[in-house]
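Here is a short briefing on one protein model. Look at the sequence and the structure first, then read the points below.

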Amino acid sequence: MSGDSYKKIWQQAAMIPEGQVASYGQIAKLAGLPRRAARMVGRALGAAPKELQLPWHRIVNAQGKIAIPQSSPSFERQKELLEAEGIVVKGDQLELE
């Protein structure tokens, strides 16, 4: 089951336009999965083949925050990538319209 679900998640994640973000729950819903599948989105992104080059950094939690702990190098990488696309990040919170 998760293989097919992961592919659906990857397809949805790939469609997030530059300079925009989506929540884990939104990606799950667009992939046709129940909202409680939001955690699966995180697992699917972590399992995605590198050659897909998914814009994983454009996926945040439902509160508009980076879900990775601030002490992690991955947090800094996500913040840098978002800011490079014009998204303002203060602490772990994105300033969304």
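Accessible areas come from the Shrake-Rupley method with a 1.4 Å probe, and for residues only the protein chains shown count as cover. By that method, the accessible surface of the protein comes to about 6,100 Å². Carbon and sulfur atoms hold 49% of this surface. The model is predicted: local features need pLDDT of at least 70, side-chain atom pairs count only at pLDDT 80 or more, and totals for chains, interfaces and linings use all residues. Residues are numbered from 1 along each chain as its sequence is written, and side-chain values use heavy atoms, with hydrogens and water left out.

**Overall build**

- The protein has four helices and four strands. These are DSSP runs, numbered from the N terminus: helices are H or I with at least four residues, strands are E with at least two.
- Along the sequence, the pattern reads α-β-α-α-β-α-β-β.
- The radius of gyration is taken over C-alpha atoms, and the globule rule is 2.2 Å times the number of residues to the power 0.38. For 97 residues, a compact globule would have a value near 13 Å, and the protein agrees, with 13 Å.
- The C-alpha atoms fill a box of roughly 35 × 25 × 25 Å, taken along the principal axes.

**Burial, contacts and charge**

- Buried means under 20% relative accessible area, exposed means over 50%, and partly exposed lies in between (1.4 Å probe, protein chains only). Buried residues make up 41% of the 97 residues.
- A contact means heavy atoms within 4.5 Å. Of the contacts with a separation of 6 or more, 56% join residues 24 or more positions apart.
- The protein has 13 positive and 10 negative charges, and their mean positions are 11 Å apart. Lys and Arg count as positive and Asp and Glu as negative, while His and the chain ends are not counted. Each charge is placed at NZ of Lys, CZ of Arg, CG of Asp or CD of Glu.

**Helix 3**

- Helix 3 covers residues 38-47, and Met 40, Val 41, Ala 44 and Leu 45 are buried in it.
- Seen down the helix axis, these buried residues fall within an arc of 140°, so they line one face of helix 3. The arc is that of the directions from the helix axis to the C-beta atoms.
- An α-helix has 3.6 residues a turn, so residues three or four places apart point the same way.
- On the other side of helix 3, Arg 39 and Gly 46 are exposed.
- The cover over the buried residues of helix 3 includes helix 1 (2-14), helix 2 (24-30) and strand 2 (59-60).

**Four loop residues**

- Ile 16 sits in the loop between helix 1 and strand 1 (22-23). Is Ile 16 buried or exposed? Ile 16 counts as buried, at 8% relative accessibility. Leaving out residues up to four places away in sequence, Ile 16 touches Val 21, Ala 22, Ile 27, Pro 55, Arg 58 and Ile 59.
- Gln 53 lies in the loop between helix 3 and strand 2. Its phi is near 50°, a positive value in a residue other than glycine. Gln 53 is exposed, with a relative accessible area of 69%.
- Gln 63 is in the loop between strand 2 and helix 4 (73-84). Gln 63 is exposed, at 55% relative accessible area.
- Asp 92 is in the loop between strand 3 (89-90) and strand 4 (93-94). Asp 92 is partly exposed, at 22% relative accessible area. Which residues does Asp 92 touch, not counting residues up to four places away in sequence? Asp 92 touches Gly 64, Lys 65, Ile 66, Gln 70 and Phe 75.
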